Amino acid sequence: MTNTSRAERFDRLDLNLLLTLDVLLKELNVTRAAERLHLSQPSVSAQLARLRDHFADPLLLPGPRGMRPTARALALRAPLSEALASLADAVAPAQGFDAAKATHTWRIAAADYGEMAILAPLILRLREVAPHTRLAVIPLDTKRLARQAESGEIDVALHTSHDAPPGLRQRTLLEERYVLVGRSDHPRLRRRPSLAQFCALSHVIVSPGGGGFQGATDLALQALGLRRQVVLSVPHFLFALDTVRRTDLVAMLPSRLVQQAEGLRVVEPPLPVAGYEMAMLWHEAVHRDPVQAWLRGQIVAGLQV
């Protein structure tokens, strides 16, 4: 028999017949099988006739105490039972997530801002309520983000809302604003600088893509016909924080990154600068998964403490 004809024969087979066969092979009695299946005895007998025709085998023969399975039926018994059990598990309602016993490994894509402002609180929560789970933080690759989420390579991504890839679900986590930051004893940050003083300071800028010397602050200054001195461009916030702590350079940084940082002086900038929203992103395929939903809930809860 060819693979094609085998597939065609399976397509024509009613799943209910396999359920009946499974019970018949366990009970070896049509009457008891009918009771277990909540069917009439003639109905089960008719299904057995169809099964015999499909398998070209009598399957069950009269015996001294009920019915006796043929060799073909004995060969079917274990794999059929296992297949039906697997199918029942597959279509059963999703179970809840037991965090205390879970051994799941999550994978979250994030840049260093997301690591510091969002994942740091999450890690503390996971160690407390799900101590046997693991968390892998994956570098944020905006070009591959949608494909990574679709393939299951990542569970959640932390990204700005305005330039999130289309097609992914998202939830805003927080609204961020910029503050002016320098070392704690910076001589020019003893009070809020004027616009002229602000522009005269030497600035470091964080350019995640690398090498950029303009950002939201520069756009705000351009609208006023002004320009600041940006003398250093770095790809990571941690580098910028360490630099301003050790030098006379200053930086416009997200407020959440410097709330508890030591060795820094934080003042309000002399002009309004547009902030941004941070969101978590995930694929539709895992939207209703209880494990994934639990993780997303923990991310939100960590920011509300």
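Predicted model: local features only at pLDDT ≥ 70, side-chain atom pairs only at ≥ 80, totals over all residues.
Let me begin with two tyrosines: Tyr113 is buried, and Tyr276 is buried as well, where buried means under 20% relative accessible area, exposed means over 50%, and partly exposed lies in between, for a 1.4 Å probe and protein chains only. Residues are numbered from 1 along each chain as its sequence is written, and side-chain values use heavy atoms, with hydrogens and water left out.

Back to the two tyrosines. The structure holds six aromatic pairs, a pair being two rings of Phe, Tyr or Trp (its six-membered ring) whose centres lie within 6.5 Å, called stacked if the planes are under 30 degrees apart, edge-to-face if over 60, and tilted for the rest. Tyr113 and Tyr276 form one that is edge-to-face, with 5.8 Å from centre to centre and 75° between the planes. This pair links distant parts of the chain, since Tyr113 sits in helix H6 (residues 112–129) and Tyr276 in strand E12 (residues 276–282), 163 residues apart. Helices (H or I, at least four residues) and strands (E, at least two) are DSSP runs, numbered from the N terminus. Ring pairs also join Tyr113, Tyr178, Phe237 and Tyr276 into a cluster.

Now to the nonpolar interior. In soluble globular proteins, nonpolar side chains tend to be buried together. A nonpolar core is here a set of buried Ala, Val, Leu, Ile, Met, Phe, Trp, Tyr and Cys residues joined through side-chain atoms within 4.5 Å. Which members of the largest nonpolar core touch the most other members? They are Ile118, Leu158, Leu253 and Ile299, in a core of 42 residues. Apart from it lies another core, of 21 residues, and Leu17, Leu18, Leu25 and Leu48 are among them. Taking Leu253 on its own, and leaving aside its neighbours within four places in sequence, we find it in contact (heavy atoms within 4.5 Å) with residues including Tyr178 and Phe237, and also Arg177.

Side chains of opposite charge can pair when their charged atoms come close. The structure holds eleven salt bridges, each being a side-chain nitrogen of Lys or Arg within 4 Å of a carboxyl oxygen of Asp or Glu. Glu268 forms one with Arg177, and their closest N and O atoms are 3.1 Å apart. That pair links distant parts of the chain, with Glu268 in the loop between strand E11 (264–267) and E12, and Arg177 in the loop between strand E6 (169–176) and strand E7 (178–183), 91 residues apart. Glu268 is partly exposed at a relative accessible area of 38%, and Arg177 is partly exposed at 43%.

Another salt bridge joins the side chains of Arg288 and Glu284, at 3.3 Å from N to O. Arg288 counts as exposed because its relative accessibility is 66%, whereas Glu284, at 37%, counts as partly exposed. Salt bridges that share partners also join Glu27, Arg32 and Arg36 into one network, and within it the side chains of Glu27 and Arg36 meet at 3.0 Å, N to O.

Next, the backbone. Most residues other than glycine have a negative phi, and most peptide bonds are trans. Leu28, although it is not a glycine, has a positive phi of about 55°, and this residue lies in the loop between H2 and helix H3 (30–37). His38 is not a glycine either, yet has a positive phi of about 60°, and His38 lies in the loop between H3 and helix H4 (41–55). Is each of these buried or exposed? Leu28 is partly exposed, because its relative accessible area is 22%, while His38 is exposed, because its value is 72%.

Let me finish with two further leucines. Leu19, found in helix H2 (residues 15–27), counts as partly exposed because its relative accessibility is 37%. Leu74 lies in helix H5 and is partly exposed, with a relative accessible area of 47%. The C-alpha atoms of Leu74 and Ala220 are separated by 79 Å, and these residues are 146 residues apart along the chain.
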